[in-house]
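Student: I have a model open and want to go through its side-chain contacts. Can we take them one at a time?

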Amino acid sequence: MTASDDVTISGDGAQAAFGNVVSRDLIMKQLTFVRGRPAMMLSEGEVADRTAGYVPALNHGTIVEALRGHHVAALCGPGGAGVVTTGVAALRELRPGLPIRLLSLEDDDVSEIGEIGVHGYLVRAADEQETTLRSCIEAVRSAGGYLLIVGTGADWKRFAGFLRPIVVQPPSAERVYRRRLEHAGFADTRWPEWPRAAELLRDGAAGDGRRLADLVVENEGADDREVEKAYLGWPDELRNWFTSHGDVQERSLMVAAAMIEPADETSVYGAALALARQLRLTVAGGGLAWHPSTGLAELLGTDQRDGVIVFSRQGYARSVLRHVWDEYPLTRHDLLSWLSLLPVDAGLALDPRIRQRLAETFADLAAEHGMADKILKTVEWWSDDRWQAADLSYVVLARTCLDPRVGGRVRRRLYQWSRERQAPQALRLTVARTCLVLGQTHTKIALTRLKHLASHGDGRVADEVFEVARDLAEAHPETVFTTAVSWCETAFGLPPGNGFWRIAAGLRIALEGTADGTPAAAARARRTVDLLGWMAAADRDELRPLVLSALGTLAVHHRGLVAAALIAWTANLDRSPFFAAGRRADLAAEAFLAESAVRDAAGWPLLLIDGPGAALDSWIPAWRLALAAETRPGGGYAGLAEAVGAWLDHAQARPDVRHPIVAVFSLATGEDPPRRYALTGLTREWADGRPERRAVRDAILTRIPQSEWQRTLLALVGGVRTVLRAPPPG
């Protein structure tokens, strides 16, 4: 979990998010919503579902041949004609198993086309410009892929000069209805031959057949009338109700109850009062003038269960808003404004689940009618600290960033917000979490926004960027890893503060991709070591803690790789330029000391038993640097004593390596008095009061004395001890 003064993002929060909390459950709920919307995602499961239940268009063969011959097909048709399904089915007939993905023609997606092999791509004509669409067509053809461009008749006017769309000739709605039921396992029920289906679908589009079939499946066990009314939207019942209830207060109660059900009566009255105010109605008599609660259920045609009002008729509550929207167009702006105000109305104190549901309704309604400006202004307004509404902003952005009508505008605004230095902290964190939804379809686009958030945010934002990127890496490990490394490599042109947080996030993401023990993870680890070496050589002191921490993390799964790098850096085996090599070697010496002090459960130094298998004398340059640092004015490395102690412990426990370890220390100190003084002092401290350590201590002091007379004296003392410990003769 990461927290700031005004927002908390929680990984395992409560079932319902409230205020400035975006819980893991809320995130998963919105992901589930997006994954269930074919217009937003084209997952493999969705492709399989579409093709399995597909009823061929009348000109299906023409579309297949267009793709076969030109690798591009522009498909045209009104909403509900099954244009996308027809195109997807044609692609899968031409190339079974072909991966198909939605494409938004931003630079990072177009550049990716030639890198990921042969794919099928789907582009919405309404979102694109001629220049980018031409570039996309060329890129797809060069890569040997296939491109579907879908839209309505109006969308194609801009591209008339170079694209001639094929008008999809859809099958009848009734055929789609029957096939959909068969695919859902309802072939042997009464529903495929339901007489009313043919009448309801007589003039319907293919999408209407699918919708009716889905209602049957969702409401298994419902009677014919309920299904029919739910399909039609209860038009007669709602028209009659609104005709016989002309009082605006009563109508406000109906709309309010439909919006927030299931809800208690107090919440219904509060929401109705807010709607009346939004409609600029003044009620003489105040609360006493409203319909009494005793007859509220009878007025609305609702039931009461466990103290809350519910509409028992299937789809009736949803149909109320649709009826008001269609029949009273002058109220549309007021309805959206009411929906945006109601969740943050402090006087109502609505249940968190109701607030969230209102935000969902607002987002879906505004998106359906292309009101991107209203969506974005509301999100900005909710991001003000006084509303504590990060959860609402997230719901709206998550449900609209992939919407076919407003998604392009929302994604562009997400990009702008990610680059704004003065954006509210709550908004930054909300944008970061929204990128998890965006990345389900447009991974690189989401990563671009995360990069800018990390560049212009602080440590809290960097933490959120990492969490989101880690989740995206579950489905796109190589893309996320490569992108994270590039964040680090390209951050040096930024001001130090901004570059730091971008590098911090990128490095954490890269390290996450090295930990699963696979060959791919090993390759990523090698690439990460190269990155760390480059960072260690850079003249950026603020990066040193990051690199040291990253080396320690990487060593957990790749200790041999890290050890080999430290040996190479301390000895400058690649002959790097003097100053860069010096900075890198200095950092490597400190990292070497930290790794030397890491032990296993039995107390063995892991670097010596789980290292690269290199000779112990490979560490002489590292020890030389570490001991020399003790002469610096500010002192040496904090981990020197612990590292020396680990090596001496190993020498004591393993007589077979005692002599090589002593030799390493001797060669590392050489003839340099300060290094000799530092090591002998640390050795004496290690052995002080521990008789069992005298042998190792004497071996060190014998090889590394302060003067010639000390060498002779120590050798004599050691010889006497040897004689005294020898067993008596015979």
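Tutor: Start with a cut-off: buried means under 20% relative accessible area, exposed means over 50%, and partly exposed lies in between. Keep in mind that this is a predicted model.

Student: Is Arg693 buried or exposed?
Tutor: Take its relative accessibility, 12%. The cut-off for buried is under 20%. Arg693 therefore counts as buried.

Student: Which residue does Arg693 meet in a salt bridge?
Tutor: Arg693 lies in the loop between helix H33 (673-687) and helix H34 (694-703). Its partner is in helix H31 (residues 640-653), 44 residues apart, so the pair links distant parts of the chain. The N to O distance is 3.4 Å, and the partner is Asp649.

Student: How many salt bridges does the structure hold?
Tutor: Side chains of opposite charge can pair when their charged atoms come close. Some of these bridges share partners: Arg544, Asp586, Glu590 and Arg632 are joined into one network that way. The total for the structure is 44.

Student: What is the N to O distance between Arg399 and Asp364?
Tutor: Arg399 sits in helix H19 (residues 390-400) and Asp364 in helix H17 (residues 352-368), 35 residues apart. Arg399 is buried at 8%, whereas Asp364 is partly exposed at 27%. Their side chains meet in a salt bridge at 2.9 Å.

Student: Which residue forms a salt bridge with Arg134?
Tutor: Look within helix H6 (residues 130-142), which holds both partners, four residues apart, about one turn of the helix. Arg134 is partly exposed, at 36%. The closest N and O atoms are 3.0 Å apart, and the partner is Glu130.

Student: Over which ring does the charged end of Arg134 sit?
Tutor: Arg134 has this contact as well as its bridge to Glu130. Its charged end is 4.1 Å from the ring centre.

Student: What kind of aromatic pair do Phe159 and Phe162 form?
Tutor: Phe159 is buried, at 0%. The ring centres are 6.0 Å apart, with 80° between the planes. Planes over 60 degrees apart count as edge-to-face, so the pair is edge-to-face.

Student: How many aromatic pairs are there?
Tutor: Phe159 and Phe162 are one of them. Elsewhere, ring pairs link Phe592, Trp619, Trp623, Trp647 and Phe665 into a cluster. The count comes to 17 aromatic pairs.

Notes
Residues numbered from 1 in each chain as written. Predicted model: local features only at pLDDT ≥ 70, side-chain atom pairs only at ≥ 80, totals over all residues. Heavy atoms only, no water. Phe/Tyr/Trp six-rings, centres within 6.5 Å; stacked < 30°, edge-to-face > 60°. Buried < 20%, exposed > 50% of the residue type's maximum accessible area, 1.4 Å probe, protein only. Lys NZ or Arg CZ within 6 Å of the ring centre and 35° of its normal. Salt bridge = Lys/Arg side-chain N within 4 Å of Asp/Glu carboxyl O. Helix = DSSP H or I, 4+ residues; strand = E, 2+ residues; numbered from the N terminus.
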